[in-house]
Amino acid sequence: MHPTPRQSSTDQSNWTAAQSSRLYGLNAWGRPYFSISEQGHVMVRPRAEQGDCLDLVSLVQGLQARNLSLPLLIRFDDILEDRLASLHDAFGRAIAQYNYQGRYQGVFPIKCHQQRHVLEHVVRVGRRWNFGLEAGSKAELLIALALLDNPDALLICNGYKDTRYLETAILARRLGRRPLVVIEQASEVDDLTACSRQLGMAPLMGVRAKLSVQGIGRWGSSSGDGAKFGLSAPDLLATVNTLREVGLLGELRLLHMHIGSQISDIAVLKEALQEMGQLYVQLAALGAPMGYLDVGGGLGVDYDGSCTATPASTNYSLQNYANDVVATIQECCQSHGVPMPTLVSESGRAVASHFSVLVFDVLNTGGVNGTVPPLQEGEPLLVRNLRELLATVTSENLQEAWHDAVKFKDDALSAFRLGYLSLVDRAKAEQLYWACCRTIAAHLGHQNQPIPADLQPITTALAATYYANFSIFRSAPDTWAIDQLFPVMPIHRLHEPPQVLGTLADLTCDSDGKLNRFIDSGSHKSHLELHHLQPASSYWMGLFLGGAYQEIMGNLHNLFGRTNAVHIRLAPQGGYQVEQVVRGNTTSDVLTALDHDPQSLVERLRRDSEAAIGAGNLTISDAHRLLTHVEESLRQSTYLESGVKSP
């Protein structure tokens, strides 16, 4: 690829890893877990400042040697543990600072990451804090009941509930579990009352308030008058009265709220907490024993490292969040003489986002052909015009040259459509046009001044496409569905200056299967700084902060299945140990998931091969090769085989 204005600004012989860290924002969004070594490799510090560093490139090489091919999802269990510890430490400091007469007890929302090994690790590590789980469906409730054997841990039961869901939660109390069934719709009160009467016992109960405070960002509709779940003020009063009438008000222990995922502005949270605190003390005044206040999810992640109230960031820290929750609820309770509740949060994104990294390889690259074709006699005027323009581009006439180049190219296309220009001459015109763009871009790159607005499209025009061995729809569906920004960058060669601006295209046959929005200091950019591909080496890239929601939301578009995944922990003696290997889907797996029978497929092809052999259209050896390829493909990953080349 040829340089563009932005590329040439990074073309320095003394390029350092520190410059790459600033360029990709790693020094902001990556703290405290990710950094870059002097050798230009991404380094992972799973226990933040407390533990050893792992070289991500060396780690991937070691995993490849274990027959784990790319794309590869690497889950750092130590990061997950550190996130849980950081959450509890932040609330612990806030409780001590404000002398809060209560405690904090968190739960992990299963919907955030439903993979068994992850949930088992959360429950095991969280046991020292009595960390619990939140279930939003019958299936998630069954998972929680099986995994959560700590009688002091909370099991928050949210979502739509039928009789079986309610009875299961009630009976779980007799197993020593601690389910808290949250009433989210007025109709659930009668159902819960009937189930309690039928079984002769009731669960601990909570109510979800439909706050008047409107959330912010993509999930702002989670609160406000149009919210999907929650009880309005009249519904809350009706629920309290009904529970009192049937003798169940003594089981009402929790008030719940949720104002949306990824709260970017702390001011919105403060306003919601004030309303929440007043609702809590009023419920206590009505005779409900209460004891728990659940602030829901929403604790955000600073995906771009800008610390701003933008969709991909937050204008607060974890400690700011904990301080505001503790201080606001304390103030409400103190002013009304109400005992301070146990504070509960359902932080999933903030706990799980950092702990997994998707590493994938680049298969190839494509871009414009700006090679100047050799001069030939008798070329049409349109081609000659572009040649003359290319020869006369200077730093003083860049805008004029750009406008002329666009005009000559459009004229050439019109002439071709009308039959006045041959395919050969059209190809020459296009090559010369791109050569003009390249030359104009080179001049712009040497000017220390803003690029004029009408020349900015040159950057997009010259951008390369890097074809990556993964599926957006499988591994990062939120980038397609809601324009979520995740940090994406090379994981090696970071001591070299990037020479190319490019976008990433995935393996799917879908025009939306691409990444063309990248983090850029509180905003986003349409291209990512990349390196030239080297024929003898792989080019490895990482997608970071994708540990929440992406795996479970991913789909089988074009039948690209789950990638290989590994759980890594730091070893006591140094280095790392592979705790779990979760093999990705084979082609046979995804076909079976959609009711295709792989064996029937092979048998049909075998019969067709025999018929082709009988007709003389296929040799026996070629038929054997075809069927061998089919059978091996069924046993292999759905992703492309790119060899085991190392960087």
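Biologist: Why is Q262 called buried?

Modeller: Q262 has a relative accessibility of 4%, and buried means under 20% relative accessible area, with exposed meaning over 50% and partly exposed in between (1.4 Å probe, protein chains only). Since 4% falls under that limit, Q262 counts as buried. Please keep in mind that this is a predicted model, in which local features need pLDDT of at least 70 and side-chain atom pairs count only at pLDDT 80 or more, while totals for chains, interfaces and linings use all residues. Residues are numbered from 1 along each chain as its sequence is written, and side-chain values use heavy atoms, with hydrogens and water left out.

Biologist: Where does Q262 lie, and what makes its phi worth noting?

Modeller: Q262 is in the loop between strand 10 and helix 11, where helices (H or I, at least four residues) and strands (E, at least two) are DSSP runs numbered from the N terminus. Its phi is near 55°, a positive value in a residue other than glycine. Most residues other than glycine have a negative phi, and most peptide bonds are trans. Y549, in the loop between strand 21 (540–543) and helix 20 (550–553), also has a positive phi, near 75°, and at 16% relative accessibility Y549 counts as buried.

Biologist: Which peptide bonds are cis, and how do you know?

Modeller: The bond joining R31 and P32 has an omega of about 0° and is cis; P32 sits in the loop between helix 3 (26–29) and strand 1 (34–36). The bond from L70 to P71 is cis as well, with omega near 0°, and P71 is placed in the loop between helix 4 (56–65) and strand 4 (72–76).

Biologist: How do you know that the length of helix 11 agrees with its number of residues?

Modeller: The expected span of a helix is 1.5 Å times one less than its number of residues. Helix 11 (residues 266–285) has 20 residues and should therefore span 28 Å, and its end C-alpha atoms are 29 Å apart, which agrees.

Biologist: What happens at the start of helix 11, and what covers its buried residues?

Modeller: At the start, a side-chain oxygen of D265 comes within 3.1 Å of the backbone nitrogen of A267. The buried residues of helix 11 include I266, L269, L273 and Y280, and their cover includes strand 9 (204–208), helix 10 (233–245) and helix 12 (318–336). Just after helix 11, G287 takes a positive phi of about 110°.

Biologist: What makes E551 and R75 a salt bridge?

Modeller: A salt bridge is a side-chain nitrogen of Lys or Arg within 4 Å of a carboxyl oxygen of Asp or Glu. The closest N and O atoms of E551 and R75 are 2.5 Å apart, so the pair meets the rule. This pair links distant parts of the chain, with E551 in helix 20 and R75 in strand 4, 476 residues apart. R75 counts as buried, because its relative accessibility is 1%.

Biologist: How do you know that R128 and E81 form one too, and why does R128 count as exposed?

Modeller: Their closest N and O atoms are 3.2 Å apart, which makes a salt bridge. R128 lies in the loop between helix 6 (116–126) and strand 6 (132–135), and E81 in helix 5 (residues 77–98), 47 residues apart. R128 has 55% relative accessibility and therefore counts as exposed. R47, D78, E81, R128 and R569 are linked in a network of salt bridges, and by this rule the count comes to 22 salt bridges.

How values were computed: Contact = heavy atoms within 4.5 Å. Polar contact = N/O pair within 3.5 Å; in protein donor to acceptor, adjacent residues only side chain to side chain.
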